[in-house]
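Morning, everyone. I'll take the interface first and then the annotated site. Please look at the screen.

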Amino acid sequence: MARVVVDVMLKPEILDPQGQAVQRALPRLGFEGIADVRQGKRFELEVEGPVDDAALARINELAETFLANTVIEDFVVRVEEEK
Amino acid sequence: MTARIGVVTFPGTLDDQDSLRAVRIAGAEPVSLWHRDKDLHQVDAVVLAGGFSYGDYLRAGAISRFSPVMETVIEQAKAGMPVLGICNGFQILTEAHLLPGAMLRNNHLHFICRDQRLKVENAGTAWTSDYTEGQEISVPLKNVDGRYTADERTLDELEAEGRVAFRYLDVNPNGSLRDIAGITNAAGNVVGLMPHPEHAVEPLIGTGRTDGLGFFTSIIKKLVNA
């Protein structure tokens, strides 16, 4: 089994009110100096079999068609660990 | 001929009964459609109703878009069948790429529920012909993921082609770009909007007005005259 991580983030130009709400709460908690916060999603896929080029291509397709909406989101796929 | 108008129920759909009722009150035959059934049972048009299909998991409308019924809806919509997406239905239509853009969390992050005034910008679609261009109507609005977004080029294209079907009046309730409340595809058979016309078809309930009935009478006229 290998773990493949897909990180999905709103595109930089898209307003992220959730991230802003988190950022605004930081001074109240005593955290200073955080200029901006953006909130995203992380998917961890436990993949059976080898994560070869073909498997990665399929995961990329999965990320592009389903995990991320590429109208508003960017995504990054990476293999985290091979066991 | 009585027009047969289908309303799809996904797990988490809330407004299917109101939509079926609106279809009936307008004078068509309402047909319940089930999300796992690819068959549209000879309906002439489809309504994707409001609610929280699949709990809005992943993104609003993202999982429903891959349900069996949507395979047929997408295919038929591309072939010209009229489809109306209300609220969650609108989100499903954007996720299915039948309408451009995407829907995001409201800019203020709150669930909002209010009577919303709208301006009818396009009275030439399959679902809006009983309105007049520039007409102002009031229907209920309730959503948390209602911020319509698209890139500038898409927005310019929508405006230039008259495909912004409805715009918010008085208040922009969710931060939608260019006050867009609803849009249509180029052919005018697929329409999506965030507010809920199906909740304003009887004087006794909702806004106390029947401003939403025009969607359903429009489509019936189109189908009967087709």
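Start where the chains meet. In this predicted model, 15 residues of chain B are in contact with 16 residues of chain A. Contact means heavy atoms within 4.5 Å.

A word on conventions. Residues are numbered from 1 along each chain as its sequence is written, and chains are lettered from A and ligands numbered from 1 in the order in which they are written. Local features need pLDDT of at least 70, side-chain atom pairs count only at pLDDT 80 or more, totals for chains, interfaces and linings use all residues, and side-chain values use heavy atoms, with hydrogens and water left out.

Now the area. The size of an interface is often given as the accessible area lost when the parts come together. Here the buried area is about 1300 Å², and carbon and sulfur atoms give 69% of that. Buried area is the accessible area, with a 1.4 Å probe, that two parts lose on being put together, summed over both. Which three residues of chain B supply more than any other three? They are L58(B), R59(B) and L109(B), with 38% of the area that chain B buries against chain A.

R59(B) comes up again. Its side chain meets that of E73(A) in a salt bridge, 3.7 Å from N to O. The rule is a side-chain nitrogen of Lys or Arg within 4 Å of a carboxyl oxygen of Asp or Glu. Across this interface, the rule finds one salt bridge.

On to the site. UniProt, in an unreviewed entry, lists C87(B), H196(B) and E198(B) under "active site". Positions follow the numbering used here, feature names are shortened, and annotations may be inferred rather than shown by experiment. The three are spread over 112 residues of sequence, yet they cluster in space: the largest C-alpha distance is 10.9 Å.

Is C87(B) buried or exposed? C87(B) is buried, because its relative accessible area is 6%. Buried means under 20%, exposed over 50%, partly exposed in between, using a 1.4 Å probe and protein chains only. H196(B) is buried too, at 0%.

What does C87(B) touch, leaving aside neighbours within four places in sequence? Its contacts include G50(B), K142(B) and H196(B).

Finally, the side chains of H196(B) and D15(B) make a polar contact at 3.4 Å. That is a pair of N or O atoms within 3.5 Å; within protein, one must be able to donate a hydrogen and the other to accept it, and residues adjacent in sequence count only if both atoms are side-chain atoms.
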